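Please look at the sequence and the model first, and then read on.

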Amino acid sequence: MTSANIFVSIATDAPPAQVTARSDHPVAPQGIVNQSAPISTNKFYANFFLGGRTQSTWTHPYSVMWANGSGQTGSWGIAIAHIERTMLAYGPGNPAQFFINPIGIQSMVLSARELGSTTSLTMDSLQAFSANVNLAPGPGASPVVTFPLVQGMGFITAIYNSSTPMLQSGVFFNTLTYGGAVAASSGASFRYQAMLNDGSQWLIYITPLSGFTARY
């Protein structure tokens, strides 16, 4: 068969009966709301809407995951990890045949007191390099904390909505020190330094609504 136009249909009949079809996707996305644009595949945040939704998502330099009641904390918030080179495990050989990057470490967990076993995770504003992850006390409830995820973000941000922030760690806190106010054009933030039992140090910045201040 020849044609001067490669865009002419070869055939328009229905596929043979032995070629099966289905109207849905075998791995359906979960919890995506208010999304009229197409959902891209192979995105860094896909683990938040596929499968059990508890696998790590790498924003770089951090990884984040929904704790979903697991780990040392038993938290329902978002766990954060930062892997140093000294934490890698190497296989045999020189150069090493492989290395293992540890996963599931809940160095810091950003949660809310209102979250529990009925916590619902949803996503919105899914774009090429960013998405919002929302946690609510239950299905259909309004989110009490939103995490704007951006590829390559230097800070992990949690936006609380009429909820009580809860800070947890599966590595456990050694000290938590108040570091003073940090002036900014949008209002003052307050800095804290957390020292964990593995010797790592984390900086925490809290930016309250106007009229509120920090406690220490």
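By class, how many nonpolar, polar and charged residues does the lining of the second largest cavity have? That lining has six nonpolar, three polar and no charged residues, where Ala, Val, Leu, Ile, Met, Phe, Trp, Tyr, Cys and Pro count as nonpolar, Asp, Glu, Lys and Arg as charged, and the others, Gly among them, as polar.

The model is predicted, with local features needing pLDDT of at least 70 and side-chain atom pairs pLDDT 80 or more, while totals for chains, interfaces and linings use all residues. Residues are numbered from 1 along each chain as its sequence is written, and side-chain values use heavy atoms, with hydrogens and water left out.

A cavity is a set of points on a 1 Å grid over the protein atoms alone where a 1.4 Å probe fits but cannot get out, and its lining residues have an atom within 4 Å of a point. Grid points are joined across faces, edges and corners, and a volume is the space filled by probe spheres set on the points. The structure holds two cavities of 30 Å³ or more.

| Cavity | Volume | Residues in the lining, among them |
|---|---|---|
| Largest | about 40 Å³ | Trp58, Asn101 and Pro102 |

Turning to the backbone, a cis peptide bond with omega of about 10° joins His60 and Pro61, and Pro61 is placed in the loop between β1 (57-58) and β2.

Notes. On a 1 Å grid over the protein atoms alone, a cavity is a set of points where a 1.4 Å probe fits but cannot get out, and a pocket is an open set with protein on both sides within 12 Å along at least five of seven lines; lining residues have an atom within 4 Å of a point. Helices (H or I, at least four residues) and strands (E, at least two) are DSSP runs, numbered from the N terminus.
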